[in-house]
Amino acid sequence: MRALLVEDDEDLGEVIRTALTREGNTVDWLKDGQSAILALTSENFDVVILDLGLPIISGLEVLHTIRSHGNAVPVLILTAHETIEDRVRGLDMGADDYMVKPFDLDELSARIRAMRRRGTGRASPMITYKGISLDPAAHSVNFQEQMFSLPRREFALLQKLLENQGKALSREQLTQSIYSWDEDVDSNALEVHIHNLRKKFGVELIHTIRGVGYMVAKEES
Ligand code: CA
């Protein structure tokens, strides 16, 4: 998934970014509230990890601003131990979850997965679709009795498509969900990943929507 991390502490930010990237997420990291608001008004993220004590514009203000613009992206706030009040205010302002520093990185990852699950309206942690079973926690895909361990971006792309069944996603949306800002992207990179997924899971899995992008058809229930 694509995560926006907003944290001004260099060491902590680096640790969180490294951990989330290792788990297969695409992470963009910003260090102040103003840039966070800008990014959140112009781009799509699956989750936001938002420190409350930020320079220029505080995390609470960022949260207030994006929610008042109708942005419903799941937000997990990071707070210091002594600021119970901020935590409560954050939740009241529309944060979905919080963690108190110092925290465990595995727990942070699990909470982020849970937020995303709720955000996409899924009850089960597994995503299933026509014989495909994708496990976001184990980072594995089972298809026709076979276990696949997909490269990071292929996995993220498949998850994004399966979570949006019946919705055409633009090339830009899909590319943004698997590459962070500081990565160089080949112009045909997305096509290569789509090609690889079709090779593994069948050509009929992902439909090309001309002039738009790609889509996985809605599974009939
Ligand atoms: Ca801070």
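Start with helix α5, which gives the most to the lining of the largest cavity, with 4 residues. The model on screen is predicted.

**Stop 1: the cavity**

The structure holds 1 cavity of 30 Å³ or more, and the volume of the largest cavity is about 120 Å³. Its lining is made up of 13 residues; select Met1, Glu23, Asn25, Arg113 and Pro136, which lie nearest the centre. Two elements give two or more residues to this lining: α5 (105-119) and α6. Then colour by domain: at least three lining residues come from each of domain 1 (2-119) and domain 2 (127-215).

**Stop 2: Gln159**

Move to α6, the helix of residues 152-163, and pick Gln159 within this helix. Is Gln159 buried or exposed? With a relative accessible area of 5%, Gln159 falls under the 20% limit and so counts as buried. Apart from neighbours within four places in sequence, the contacts of Gln159 are Arg116, Arg122, Ile127, Leu134 and Pro136. Pro136 has already been selected, as one of the residues nearest the centre of the largest cavity. Arg122 and Ile127 return at the next stop, among the residues closest to the centre of the second largest pocket.

**Stop 3: the second largest pocket**

This pocket has a volume of about 280 Å³. There are 13 residues in its lining, and those closest to the centre are Arg122, Ile127, Thr128, Leu162 and Gln165. Strand β6 (127-129) and helix α6 are the elements that give two or more residues to the lining of the second largest pocket. By class, this lining divides into 3 nonpolar, 5 polar and 5 charged residues.

**Stop 4: the largest pocket**

Next, display the largest pocket, with a volume of about 540 Å³. Select Asn44, Phe45, Asp46, Lys160 and Asn164, the closest to its centre of the 21 residues in the lining. Helices α5, α6 and α7 (171-178) are the elements that give two or more residues to the lining of the largest pocket. Which of the elements gives the most to this lining? It is α7, with 3 residues. The class count for the lining of the largest pocket is 6 nonpolar, 8 polar and 7 charged. Domain 1 (2-119) and domain 2 (127-215) each supply at least three residues to the lining of this pocket.

**Stop 5: the calcium ion**

Finish at the calcium ion. Which protein donors does the calcium ion have? They are Asp8 (OD), Asp51 (OD) and Gly53 (O), at 2.2 to 2.4 Å from the ion. Along the chain, the spacing of the donors is D-x42-D-x1-G.

Technical notes:
Residues are numbered from 1 along each chain as its sequence is written. This is a predicted model: local features need pLDDT of at least 70, side-chain atom pairs count only at pLDDT 80 or more; totals for chains, interfaces and linings use all residues. Side-chain values use heavy atoms; hydrogens and water are left out. Buried means under 20% relative accessible area, exposed over 50%, partly exposed in between (1.4 Å probe, protein chains only). Contact means heavy atoms within 4.5 Å. On a 1 Å grid over the protein atoms alone, a cavity is a set of points where a 1.4 Å probe fits but cannot get out, and a pocket is an open set with protein on both sides within 12 Å along at least five of seven lines; lining residues have an atom within 4 Å of a point. Grid points are joined across faces, edges and corners, and a volume is the space filled by probe spheres set on the points. Domain bounds come from an automatic or database domain assignment. Donors are N, O and S atoms within 2.8 Å of the metal (3.2 Å for Na, K and Ca); water is not among the atoms, so sites may look incomplete. Ala, Val, Leu, Ile, Met, Phe, Trp, Tyr, Cys and Pro count as nonpolar, Asp, Glu, Lys and Arg as charged, and the others, Gly among them, as polar.
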